[in-house]
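Colleague: I am new to this structure and would appreciate a guided look at it. Could we go through it together?

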Amino acid sequence: MRHFLRLACLLLTLTITARAGAQRLETITGDFRGIRFPEFVTRVEASTDFRFYYIPSALDTMPVSLTANNSPLDSVLEEVLDNTPFRFAIDSLKRVFVWQGSPIQTRLAAGYYGKSDTVRRRLARRDNALAENQSRRILHAAVDNRLYTIGSGNATEGGRVTVAGYIRDAASEEPVIGAAVQLENTKTGTSTDQYGFYSLTLSRGRHTLRITSVGMQDVTRHVLLLSDGRMDVDMPEFVPILKTVVVDASKTVNVQSTRMGFQKLDIATIKQVPAVLGEPDVLRVVLTLPGVTSASEGSTGLNVRGGAADQNLVLFNDATIYNPSHFFGFFTAFNPDAVKDVQLYKSSIPERYGGRLASVLDVTGKEGNKKKFSGSGGVGPLDARLTLEGPIDSNKVSYLVSGRTTYSNWILRSLNNRDYADSRANFYDVNAHISAALGTRNTIYVTGYLSHDGFRLDGDTTYTYGNRNANIKWKHLFGSRTTSTVTAAYDHYQFGIASQANEVNAYSFKFSITQWSGRLDFTTRVGTKHTLDYGLNAVRYGLQPGNMQPDSKSSLVLPVTVSQEQALESAAYLGDHFIISPSLTIDAGLRYSLYEYLGPHQEYTYAAGLPRQTDNITDSTTYGAGSAIKRYSYPEVRISGRLVLSPNSSIKAGFNTLAQYIHMMSNTTAISPTDIWKLSDPYIQPEIGKQWSLGYYHNLASNSIEVSGEVYYKQIDHYLDYKSGAVLLLNNHLETDVINTHGKSYGAEIMVRKTTGKLNGWISYTWSRTRLQSDDPLAESPVNEGRWYPSDFDKPNILNVVGNYKFTHRIGVSLNVAYSTGRPITLPIGEYYLGGSYRTLYSDRNQYRVPDYFRTDLAVDIEGTHRIKVFAHSSWTLGVYNLTARKNPYSIYYSSENGVVNGYKLSIFGTAIPFVTYNFRF
C-alpha cells in the first residue's frame with residue numbers, strides 16, 4: 001500500500017512539475033488584503049483560467065493579506081501558504097491542487113523493480129496503471145471537495161435562488177436520465193429529465209449537493225449560491241469492486257419520488273437478462289416487471305394491468321412505434337446498442353402523455369459520444385448489428401448511426417428440407433441521431449428510424465410491414481427556472497400482403513397509418529415548492545384502412561378500397577409538483593383532450609333501435625374534406641401523492657383518467673402484422689379509463705434492497721370486442737362487427753429488487769384479474785348473454801425471477817424464470833345436428849384455459865480483456881432459452897378429420913434452444 005500511494009503521488013507530481021515552468025508565464029494582479037482563502041480563490045478564478053481543488057473545511061478560515069502586480073501565481077501561492085502546513089501544485093491544465101501533508105518523494109529506491117528487465121517492465125506497467133487509477137480517484141475527490149460559486153452577489157442577502165444545469169456521463173457526454181440531485185441530509189431534491197437537465201431552488205448560501213444515479217459513481221458538489229446560475233456536472237461510470245460493496249444511503253429515489261407504477265431499466269440491466277437467440281431484448285425484459293404480461297410466447301404485445309396491447313403508447317425518442325416487433329415477435333424493434341434506457345409508466349402517467357389507456361413505454365436512445373469516436377456491435381445466430389458514434393464538433397455536436405439485419409434467408413436456403421425451400425424471413429432497422437448544442441441555452445436533436453420486415457413461410461403469400469419515423473426537437477433554456485421543448489414529428493406504419501403464385505388469383509393488399517404531430521412543452525420552477533409542467537400538442541391522423549388490387553394482368557381479383565380516414569387530436573395540459581412539506585408531496589394536473597373525426601368521408605345511418613347491420617342502413621351522408629363529422633372531448637385528471645414515513649419508507653396513492661381515440665382491430669390473441677387500426681367515429685366511441693392505485697415502498701440493507709407493493713383498480717368504458725365471425729379487413733361497415741364492452745381490472749403487484757453486489761436482480765409477483773361485459777344495447781347477441789367473462793389476456797398469477805451473479809469481473813451468469821397462469825380460451829364442447837349437417841357447439845367465451853406457462857433461461861457472459869489501451873473490447877454470451885425444454889402452448893386448435901374433431905397444441909419453442917452471441921465495442 002505504501003508503494004501504491006507513493007507511486008500515485010509521484011505520477012501526479014511528475015505531471016505537475018513537468019509543466020511548472022510554463023505556468024510561471026501567467027501572472028495575476030489584485031488587492032487581496034483582509035480576505036479569506038475561498039474569496040481569494042473566487043477572485044483568481046474569475047480573472048484567469050485557473051481552477052482550484054482543495055478541501056473547503058480545511059481552508060475556509062485561512063486569512064489572505066497581500067497585493068499582486070503581474071505576479072506569477074506560484075509566487076503568490078508561496079506567499080499565501082508560507083508558514084502553513086499546506087502545499088500546492090499546478091498542472092498543465094491550469095488545475096491548482098492545495099493539500100496538507102508531507103513532501104512527495106520524487107525518486108524510487110534503487111533496485112525497486114528488481115534486476116530482470118522483463119520483470120521491471122511488467123511491474124512498471126502495473127504500477128503505472130495503478131498510479132493512473134489512483135490519480136483519477138484523487139482528482140475526483142478534489143473535484144468533489146471544491147467549493148463552486150454560483151452567480152454573484154452577497155450570500156447574506158437571504159431569499160431563494162435557482163441552480164440548474166445538465167448531468168452528463170463523464171466518458172461520453174451522454175445525458176444521465178433520472179439522476180437524483182439531493183440536498184445533503186434533507187428530503188429536498190429533484191431529478192433530471194430525458195435530456196439530463198435539472199433545476200433546484202434553494203436558499204442563498206452554502207450547500208452540499210449529492211448526485212446519484214444507477215450505474216454511475218456518486219458525485220458531491222459544495223456550492224455557494226449567490227444568485228441564479230448554472231452548474232453542469234459530469235458523472236463517472238461506476239465500476240463495481242467484487243470483494244467489497246459500498247452502498248450509498250442517499251439512493252432512495254424509489255422512496256422519495258412521487259411516481260408510482262413506474263419502472264426504469266438501463267441498457268446494462270437489459271443486456272444481463274437472457275433472451276431467445278441471445279439478442280438483448282427491451283420488451284422481453286419489460287415483461288419481467290410486475291403488472292406486465294403478454295398474451296402468448298413469441299408475441300411482443302404488452303398487456304399492462306389488464307389493458308389490451310393497443311392501449312400502450314410505445315415511444316422511441318418521442319416517435320410513436322405502432323408495431324415494435326421483428327421476425328414474428330422474436331425480436332423487438334429496438335437495437336439494444338442504440339438504446340440508453342427504458343421508462344414504463346403504469347399509473348400516475350405524466351400530463352404530457354396521452355392517447356392511450358394502459359401505459360406509456362418511453363424508450364430513450366443514445367445521443368452519441370461527444371468526446372471520441374466509438375462503436376459497438378454483435379453477431380448472433382440470426383442477426384448482426386453495428387453502431388457507430390462520435391463527435392462532429394467536440395463537446396457540441398455528436399452523431400449516432402446504428403443498423404441491424406438478419407441473414408435468416410441464407411440459413412433457410414441452406415437447409416436440406418423442401419418444406420423450407422420457398423420460405424423467406426428477414427428484417428432490418430436503422431437508427432440515426434444528431435445532437436447539437438448551440439451555445440449554452442439551445443440544443444437541437446434530430447432523430448430518424450426505419451424498420452422493415454418481410455416473410456413467406458412455405459407458401460406463396462408474402463407479408464411485409466415496417467415503421468418510418470423522423471422528428472426534430474429544440475430545447476431552450478430561458479434561465480435557471482424555465483425550459484421549453486418544441487417537437488415536430490412524422491410517424492408512419494404500413495403492412496402489405498401479396499400473392500403471385502397463381503396469376504388468376506394474384507392480389508396485393510396494403511394498409512397504412514400516418515401521423516404528423518407537433519408539441520410545445522414547458523417546465524417552470526416557481527419558488528421552492530412548485531414545479532409546473534404545461535404545454536400543447538396536436539396529432540393529425542391519416543389512415544388507409546385497406547386497399548386490395550389485382551396483381552397481374554390475368555388476375556380475376558376485384559379491386560376493393562376502404563374509404564380513407566382523417567382525424568385531429570389536440571390537447572392542453574398543466575401539472576404541478578407541489579412540495580407541501582419535506583414529508584408530503586403532491587403531483588396534480590389536468591389534461592384536456594379534443595378529438596375531431598374529419599372528412600372527406602361517407603357516413604351511414606342505421607335504423608333507430610335496431611342492431612347495426614348493413615340490412616338496417618337507411619341513409620348516408622357525404623362530408624367534404626376537412627369537415628368535422630364528430631367531436632369528442634374529455635378532461636383527464638392526474639393526481640398522486642407521496643407521504644414519507646421514514647428515511648427508508650413511504651406510501652403513495654394516485655388516481656388518473658385517460659382517453660384513447662384510436663383502436664387496433666384484431667381478432668387474434670397475439671399481435672400480428674395484419675392487425676389494422678381504426679379511428680373513433682360517430683359509432684365507435686373513444687375508450688375511457690379510470691385507475692385508482694395505492695402503494696408502499698421500503699428499502700432494506702442500507703438501501704441495497706428495494707421492496708414495493710401496489711394495489712390497483714381500473715375501469716374501462718367503450719372497450720371494443722367483436723362479434724363471432726367478425727370481418728375486420730376490407731370492411732366498409734366495421735361498426736357492424738364490433739360490440740361495445742365495459743371492462744374492469746384489479747390486482748396486486750409485489751417487487752423485491754437488489755441493486756448492488758455480486759448477486760443482483762429482482763423478483764416480481766402479480767395477482768390480477770381482467771373481466772369484460774357486453775353492455776351494448778344494440779348488440780344482437782351479447783357475449784355470454786351479457787355476463788362477465790375474462791379477457792383474452794386474463795392471467796391471475798404471474799411470477800418472474802431475474803438473477804445475475806458475477807464470479808469475476810470477466811465471468812457472470814444470468815438466470816430468468818417465468819411462470820404464469822394459462823390464458824383463457826374458448827373450446828368446442830359438443831356437436832349438434834342442424835340443417836342437415838352436424839355443427840360444433842362452443843363453450844362460453846373464454847370459459848377454459850390453456851395449460852400454465854413455465855420457462856427457465858440461463859446465460860453465461862464471458863468478457864475479454866479489461867485493458868484500457870486496446871482497439872476493441874469483446875465478450876461472448878452463451879446460453880439456453882427454455883432450459884427445461886417445456887412445450888408451452890402458444891394456442892390450442894381443433895381440426896375435423898374423418899368426422900372426428902381432434903385437438904392440437906401448438907408450441908413456438910417446444911425444446912431447449914442454445915445460443916451463442918459475440919459482442920464487441922471500441
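This is a predicted model: local features need pLDDT of at least 70, side-chain atom pairs count only at pLDDT 80 or more; totals for chains, interfaces and linings use all residues.

Colleague: To begin, how many helices and strands does the chain have?

Modeller: There are 10 helices and 59 strands in the chain.

Colleague: And what share of the residues is buried?

Modeller: Of the 922 residues in the chain, 50% are buried. Among contacts with a separation of 6 or more, 66% are between residues 24 or more positions apart.

Colleague: Let us turn to charges. How many salt bridges does a search of the whole structure find?

Modeller: The search finds 32 salt bridges. One of them joins Glu749 to Lys346, with the closest N and O atoms 3.0 Å apart.

Colleague: Where do Glu749 and Lys346 lie?

Modeller: Glu749 is in strand β46 (residues 738–754) and Lys346 is in the loop between β24 and β25, so the pair ties together parts that are 403 residues apart in sequence. Glu749 and Lys346 are both buried.

Colleague: What about Lys678 and Glu565?

Modeller: Their side chains form a salt bridge as well, at 2.7 Å from N to O. The pair links distant parts of the chain, with Lys678 in strand β43 (residues 676–679) and Glu565 in strand β36 (residues 565–579), 113 residues apart. Lys678 and Glu565 are both buried.

Colleague: Why does Glu173 count as buried?

Modeller: Glu173 has a relative accessibility of 9%, and buried means under 20%. Arg168, with a relative accessible area of 19%, is buried too.

Colleague: Now Asp362, please. Where is it found?

Modeller: Asp362 belongs to strand β25 (residues 359–365). Asp362 is buried but has no salt bridge.

Colleague: Why is Arg352 not a salt-bridge partner for Asp362?

Modeller: Arg352 is the nearest side chain of opposite charge, but it is 5.0 Å away, whereas a salt bridge needs a side-chain nitrogen of Lys or Arg within 4 Å of a carboxyl oxygen of Asp or Glu.

Colleague: What does the side chain of Asp362 make a polar contact with?

Modeller: Its partner is the side chain of Tyr353, at 2.7 Å. Leaving aside residues up to four places away in sequence, Asp362 touches Leu315, Asp341, Val342, Gln343 and Tyr353.

Colleague: Changing topic, how many aromatic pairs are found in the whole structure?

Modeller: The search finds 31 aromatic pairs. In one of them, the rings of Phe316 and Phe334 have centres 5.4 Å apart and planes at 40°, so the pair is tilted. Phe316 is in strand β20 (residues 312–316) and Phe334 is in the loop between β23 (331–332) and β24 (339–345), 18 residues apart.

Colleague: Are Phe316 and Phe334 buried or exposed?

Modeller: Phe316 and Phe334 are both buried.

Colleague: And how far apart are the ring centres of Trp692 and Tyr713?

Modeller: Their centres are 6.1 Å apart and their planes are at 40°, so this pair is tilted. Trp692 is in strand β44 (residues 687–700) and Tyr713 is in strand β45 (residues 705–722), so the pair ties together parts 21 residues apart in sequence. Trp692 is partly exposed, at 38% relative accessible area, and Tyr713 is partly exposed at 33%.

How values were computed: Residues are numbered from 1 along each chain as its sequence is written. Side-chain values use heavy atoms; hydrogens and water are left out. Helices (H or I, at least four residues) and strands (E, at least two) are DSSP runs, numbered from the N terminus. Buried means under 20% relative accessible area, exposed over 50%, partly exposed in between (1.4 Å probe, protein chains only). Lys and Arg count as positive and Asp and Glu as negative; His and the chain ends are not counted. A polar contact is a pair of N or O atoms within 3.5 Å; within protein, one must be able to donate a hydrogen and the other to accept it, and residues adjacent in sequence count only if both atoms are side-chain atoms. Contact means heavy atoms within 4.5 Å. Rings of Phe, Tyr and Trp (its six-membered ring) pair if their centres lie within 6.5 Å; planes under 30 degrees apart count as stacked, over 60 as edge-to-face and the rest as tilted.
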